[in-house]
Each structure stands twice: as C-alpha cells, then as structure tokens.
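Please look over the model shown here. The report below is meant to be read beside it.

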Amino acid sequence: MAETQHEIKSVLTENRVFPPPEAFSKQAHIRSMEDYRRLWDEAASNPEKYWGDRAREELYWKEPFQTVLDWKPPHARWFVEGRTNLAYNCLDRHLAKRRDKPAILFEGEPGDRRRITYGELAVEVNRLANGLKSLGVRKGDRVGIYLPMVPEAAVAMLACARIGAVHSVVFGGFSAEALHERMNDAGAKVLLTADGGWRKGSVVPLQKNVEAALPHMKAMEKVVVLRRTGESLSLSDSRMVAWDALVKGQSDTCEPEWVESEHPLFILYTSGSTGKPKGVLHTTGGYAVNTSLTTRWVFDLREDDVYWCTADVGWVTGHSYVVYGPLMNGVTTVLYEGAPTQPGPDRFWEIIARYKATILYTAPTAIRAFMRLGDEHPRKHDMSSLRLLGSVGEPINPEAWMWYRDVIGGGRCPVVDTWWQTETGAIMISPLPGATPTKPGSATFPLPGIHAEILDRQGNPVPRGQGGLLFVTRPWPSMLRTVYGDPDRYVRTYFNELPGMYFTGDGARTDADGYVWLMGRVDDVVNVAGHRLGTAEVESALVAHARVSEAAVVGRPDELKGTALVAFVTLKQGNAPSSELKKELATHVAKEIGAIARPDEIRFAEALPKTRSGKIMRRLLRDVAAGKQSSQDTTTLEDLNVLAALRQNDE
Ligand code: 6R9
C-alpha cells in the first residue's frame with residue numbers, strides 16, 4: 001500500500017502541491033505568498049535598503065556601517081565600515097536573557113550526554129580564546145580544526161571568531177594527506193584536534209592522522225589535542241599541547257576583537273571539478289547577516305525550538321546551520337557525534353524523541369537510507385515534537401520527499417528543500433514554510449534578495465519548462481569573497497561563464513508555476529540524442545520503483561546517440577538482481593519520463609561510491625561506465641571497496 005502510494009514520479013510529472021498547514025502559517029515569521037512577494041519586491045527595487053535593514057536587525061554592530069554594498073564585479077564588500085564580532089553575536093548578546101538556556105544538547109555515539117548552557121558555552125569559548133592567544137594566535141592568523149562532532153568543535157570555531165583568527169575546519173573523516181594539503185594551503189599555524197572520535201562503534205584515529213601529517217606541515221607551530229576517546233593523552237610531538245592544560249587557569253572573560261565587516265571568518269575547502277580543492281573564503285558581516293536571517297526564516301525559528309541539523313561541522317552546512325545560524329538566533333541546537341545507525345537503525349529517531357526535537361535538517365542520502373531500512377524504526381518512537389523538516393545537499397527525489405513528510409513528519413510538518421552551496425554561505429532557494437506551497441522535489445523559489453536565474457550560455461533567460469544554467473545575477477551578503485590564495489581561480493571558476501554573474505555549476509528549470517527544480521551539476525546533465533536530460537530525473541524515476549533503493553545515472557560516450565545512459569542501482573533489502581528486473585526498470589523509466597530516458601545499461605551494485613559528505617561520485621561512475629581507469633581523485637571516497645566492487649562487476 002505504502003509502496004504504491006509512493007510509486008510515482010519523475011520530477012517531470014510531479015504535480016502534487018502541499019500548502020503550508022494553516023496553524024503553522026498563523027504563527028510563522030512569513031505567513032503568506034503575498035508577504036514573500038512584498039519582501040522580494042522590496043529587496044529587488046532597493047537592495048541596499050533591504051540588506052541594510054536586515055543587517056541592522058540581525059547583528060550587533062560595535063561600529064555601524066555606512067556603505068551597504070561596494071560592488072566592483074566580481075568583487076563585493078558588504079557593510080563596509082561596520083565592526084562586529086561573531087562570537088559576541090552568538091553568545092554575549094544572549095546572556096542577559098538566555099544565560100541558563102541550553103545552547104547545545106550533545107550526544108556522543110557511545111551514549112555520553114552533555115547539556116551546555118549559553119552561559120557555560122561563553123566561558124568555554126573565552127577560555128580557549130585566551131588559550132589560543134597564549135600560543136601566539138593573532139587576528140588574521142589561520143587555525144585548523146580537525147575534530148569529531150563534539151561541543152569543542154563549536155567552541156573552537158567560536159574561539160577563533162572571538163579573537164579574529166580565521167578557522168579552517170577539515171572534516172574528521174579526511175585522511176592525513178587531505179589534512180596537510182589543506183593546512184598548508186591555508187598557512188595554518190595552530191591545529192585543534194582530538195585523540196579520536198567515535199564512528200560506527202570504532203575510534204576514528206584523528207591524532208594518528210595528525211601525526212602522519214605533521215612532518216608535511218612545516219608552518220604548523222602548535223597542535224592542541226582534546227581527549228575524547230582515550231583514557232589518557234600521549235603527546236607524541238614536541239609541538240603538541242593538551243587542550244585541558246591549555247585552557248586550565250585561563251580567564252573566563254576575553255574581550256572580543258571587533259573586526260571589520262570584511263575581515264575573513266573562515267576558509268572551507270570544497271572539491272572543484274579538477275583535482276585541487278578550493279579554499280572558499282567567507283568574511284564576517286555579510287556571512288553572519290545572511291546565515292542568521294535564513295536560519296530564522298527558513299526554519300521559522302521560535303524561542304523554544306530544539307533544532308537538530310545532522311550535518312558535520314566539517315561541511316558548510318555544519319558551519320552555517322549547526323553552529324553560527326542557530327546560536328546567533330539563541331535557540332537550542334542538538335549535536336550528535338556518530339553514525340545514524342549506531343548502535344541500531346533507529347538512533348536518529350531515538351534522539352528526536354529524547355530531546356523532543358522540533359526541527360530536523362538532514363540530507364536526501366540519509367533519508368533514502370532510512371527508507372531502505374523500513375518504516376518500523378521511526379514508528380517505534382514518539383516524534384510528535386517535530387514541526388518542520390529540512391533537506392539539503394542534493395536534489396531530493398519526490399519519493400524520498402513524500403516518505404520524509406509522511407513517515408518522519410507524520411504528514412503534519414512542512415518540508416523545506418533548501419538549495420545552496422559552500423560558496424553561497426547560506427540558503428538561497430527554499431520554501432518559507434509558513435508561506436510557500438511545496439511540491440515534492442522542488443526547492444521552490446529564491447529567497448528575497450536572491451537573484452537566482454536560469455539562463456542559457458549567452459545569458460538569455462530560458463523559457464519555463466526548459467533546462468538552463470543556474471546563475472546568481474546580483475551579489476548577496478554571504479557570497480564567497482575569493483578562493484584563498486588563488487584569486488584568479490575565483491574569477492575563472494565562478495565569473496567566466498557570464499561576466500559579473502555568479503555561475504553555480506548547477507542546472508535547473510522552472511515549471512509552469514515558476515517553481516525551481518534543480519537538475520544536478522551541469523556536468524551531470526547529459527545530452528542523449530539531442531535531448532537534454534538531468535541525470536537526477538532518471539534517478540528519481542528509478543528510485544520511485546518499489547524495489548530500488550538508490551540510483552546514480554551517468555552518461556557514457558555513444559557513437560549513435562552522443563551519450564548513452566548508464567544506471568547504477570542498489571536494491572531494497574530482499575530483492576535480488578536479475579535480467580528481468582533490469583528490463584522492468586528500463587521500461588519503468590521509459591514510462592515515467594519517456595523513451596528517451598530509457599537507460600541503455602543498468603548495473604546492480606551493493607553500494608554506490610560516495611564522498612564523505614554523502615554525495616554520489618558521478619564522475620567516478622562515469623569512468624567506470626566508460627570502462628576507463630578513473631582519472632579522479634578518490635581521497636574523498638567513503639569506502640574504496642565500493643569502487644573495487646563496481647570494477648569487478650565490470651568483468
Ligand atoms: C549546502 C551544500 C553544493 C551542491 C550544489 C548542488 C547540490 C545542495 C541542494 C542541491 C539540489 C538541493 N545541492 N543542496 N541540489 N537540491 N536542495 O550542500 O553545499 O557541499 O557545497 O554542495 O550540492 O549541486 O551545487 P556543497
């Protein structure tokens with residue numbers, strides 16, 4: 001029953017619409033499409049007034065700004081003369097009212113728990129900030145952070161912000177090599193790490209990785225090690241100091257460094273289309289204004305919310321929507337260290353029930369994995385506290401969206417599918433849950449002030465229904481400012497396609513109602529016999545089949561068609577691969593989208609190769625499909641065995 005109900009729907013034919021629940025709208029920050037359009041028009045007709053007003057509302061400024069925007073394409077400066085401090089805005093500003101309110105509810109994978117109030121968090125941040133200063137860290141210095149998802153990760157980021165140091169978080173799942181590559185590129189002089197972290201019941205050996213990286217990190221002066229997994233710390237290198245020893249005896253107060261609005265806040269490395277990762281640089285004022293604003297509007301925050309974003313702080317979602325956005329808004333944020341299915345398939349749902357989480361923000365890849373595990377696990381827990389669900393990271397196929405809404409949200413919670421990127425700093429295209437009628441699989445509309453437009457390569461708007469390239473045609477406060485250490489790459493990567501306009505690298509189209517549908521990276525768009533297809537569309541159709549768990553579709557060069565479609569498919573438990581099933585799936589796709597989308601080849605796999613942030617590595621699959629040795633860097637691959645298995649499958 002449930003299966004047939006879910007069984008639809010390529011994004012091409014999706015036509016279900018879910019208006020916001022009335023009771024939700026009544027209390028929301030933005031309550032109607034009229035309000036949304038009014039804000040949109042205000043922002044479009046007078047962006048400087050709009051953003052200037054938002055900036056004054058969202059942040060405490062020690063010194064006010066006079067210039068809202070200084071735009072010399074492709075370089076923007078926002079709130080130019082202003083001075084502020086992000087740690088102050090996340091902590092001190094709340095202390096009068098929220099000193100005893102939990103800022104962080106932490107749960108470690110082994111089950112250890114901590115409840116940290118705003119007052120306590122401020123003290124921890126100040127002590128570490130003073131500790132960093134005692135190590136010689138000054139305003140503008142780069143500090144690396146390589147920690148598990150423990151409260152100290154947030155403390156570390158905030159301590160840097162407090163003293164005007166620039167943090168560069170490296171995801172704890174990255175290797176020693178990835179670590180030193182990033183640390184050297186950033187020129188970091190101090191690294192904050194831990195002995196280890198917990199993941200799937202084992203210890204992730206962070207300190208070991210640091211030890212392997214240290215000989216390659218010549219500029220690294222000090223490594224601060226937190227005890228997390230071990231009984232005691234052994235400091236194996238003369239550059240190492242224990243976290244406890246560093247903060248012990250430090251003062252509880254630390255005067256914030258009032259930095260210029262354009263002072264760098266962080267560098268976060270993200271993979272580009274070529275080998276070397278890009279150090280995306282964000283600055284203080286504009287980033288803070290837009291993350292604070294979007295957190296409140298998109299998640300419709302209320303004072304008593306218990307908000308849980310499951311992202312790791314190693315990704316931009318962790319920066320903007322685990323740490324800065326929620327804390328600037330003074331809500332309680334849940335932090336969970338470990339794997340979603342440790343020790344059992346219902347860990348997430350248990351956490352929601354335990355903390356009475358009201359908002360859940362997670363990724364489609366997780367949602368699909370939970371679907372595969374079965375409805376009985378969420379059904380075991382009381383999740384009636386939830387009132388809003390969010391999705392981020394890749395296109396969410398309508399079937400997963402429906403499952404999320406029905407099974408996790410009990411059919412009562414609005415779902416916000418939020419499109420944005422490391423480079424955009426904050427959410428750009430998303431429903432406003434009290435205003436926007438949603439369609440499963442669509443990120444709906446750009447937020448007020450965000451000029452996301454779908455254009456062709458010449459810069460002409462494409463007609464509704466047709467695919468095009470997604471650009472942001474005007475600057476926005478939380479845009480990246482440069483690629484650290486490589487200003488040419490900033491221009492080349494983002495502003496070469498159409499001068500002065502930010503190119504997202506994504507394809508998209510609008511439907512007849514103007515809703516935006518993301519079609520995946522443009523390099524994931526394939527041209528089959530002259531027809532443009534989003535691989536996401538074909539995947540969506542495949543996943544809508546009752547037996548399919550996940551699918552990744554790539555193009556393979558084909559003499560006749562230009563490109564042929566190859567689908568890698570994993571099956572739901574209890575289904576065996578067979579040639580009948582291959583035929584059935586191919587016919588199913590043809591039925592859902594059209595004969596043009598019928599995969600030329602379907603390959604069953606046990607698992608799909610994914611980056612550590614859960615994105616399917618389609619470029620790698622393209623190489624496998626084409627029978628080539630991969631040219632692609634696999635350092636971000638979650639599990640190399642997956643690749644080996646796919647290759648064997650080849651024979
Ligand atoms: C926040 C984040 C950015 C890329 C982006 C796009 C994809 C993210 C999406 C989405 C469709 C969504 N993406 N959210 N695609 N719908 N709601 O994920 O940043 O890691 O830099 O990835 O992810 O392709 O270009 P980042």
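What follows is a report on helix packing, nonpolar cores and aromatic pairs.

## Basis of the model

This is a predicted model, in which local features need pLDDT of at least 70 and side-chain atom pairs count only at pLDDT 80 or more, whereas totals for chains, interfaces and linings use all residues. Residues are numbered from 1 along each chain as its sequence is written, and side-chain values use heavy atoms, with hydrogens and water left out.

## Packing of α12 and α13

Helix α12 spans residues 284–298 and helix α13 residues 316–328, and their axes come within 8 Å and cross at roughly 85 degrees. Helices here are DSSP runs (H or I, at least four residues) numbered from the N terminus, and the axes are lines fitted to C-alpha atoms over the stretch in contact, with angles running from 0 to 180 degrees between N-to-C directions. The two helices are therefore roughly perpendicular to each other, a term that covers 65 to 115 degrees.

On the α12 side the contact (heavy atoms within 4.5 Å) is made by residues including Tyr-287, Ala-288 and Thr-291, and on the α13 side by residues including His-319, Tyr-321 and Tyr-324.

## Nonpolar cores

The largest nonpolar core has 140 residues, and those with the most contacts inside it are Leu-121, Leu-128, Phe-299 and Tyr-324. Such a core is a set of buried Ala, Val, Leu, Ile, Met, Phe, Trp, Tyr and Cys residues joined through side-chain atoms within 4.5 Å, where buried means under 20% relative accessible area, with a 1.4 Å probe and protein chains only. Helix α8 (residues 151–163) gives the most to this core, with 10 residues.

Leaving aside residues up to four places away in sequence, Leu-128 touches Val-155, Ala-156, Ala-159, Leu-192, Trp-243, Leu-246 and Val-247. Another core, of 30 residues, lies apart from the largest one and has Phe-18, Val-306, Ile-351 and Ala-366 among its members.

## Aromatic pairs

The structure holds 34 aromatic pairs, counted where ring centres of Phe, Tyr and Trp (its six-membered ring) lie within 6.5 Å. Tyr-287 and Tyr-324 form one that is edge-to-face, at 6.0 Å centre to centre and 90 degrees between the planes, edge-to-face being over 60 degrees. Tyr-287 lies in helix α12 and Tyr-324 in helix α13, so the pair ties together parts that are 37 residues apart in sequence. Tyr-287 is buried, with a relative accessible area of 1%, and Tyr-324 is buried, with a relative accessible area of 0%.

The rings of Phe-348 and Trp-349 have their centres 6.1 Å apart and their planes at 85 degrees, so this pair is edge-to-face; both Phe-348 and Trp-349 are buried.

Conventions
Angles under 35 degrees count as roughly parallel, over 145 as roughly antiparallel, 65 to 115 as roughly perpendicular and the rest as oblique. Buried means under 20% relative accessible area, exposed over 50%, partly exposed in between (1.4 Å probe, protein chains only). Rings of Phe, Tyr and Trp (its six-membered ring) pair if their centres lie within 6.5 Å; planes under 30 degrees apart count as stacked, over 60 as edge-to-face and the rest as tilted.
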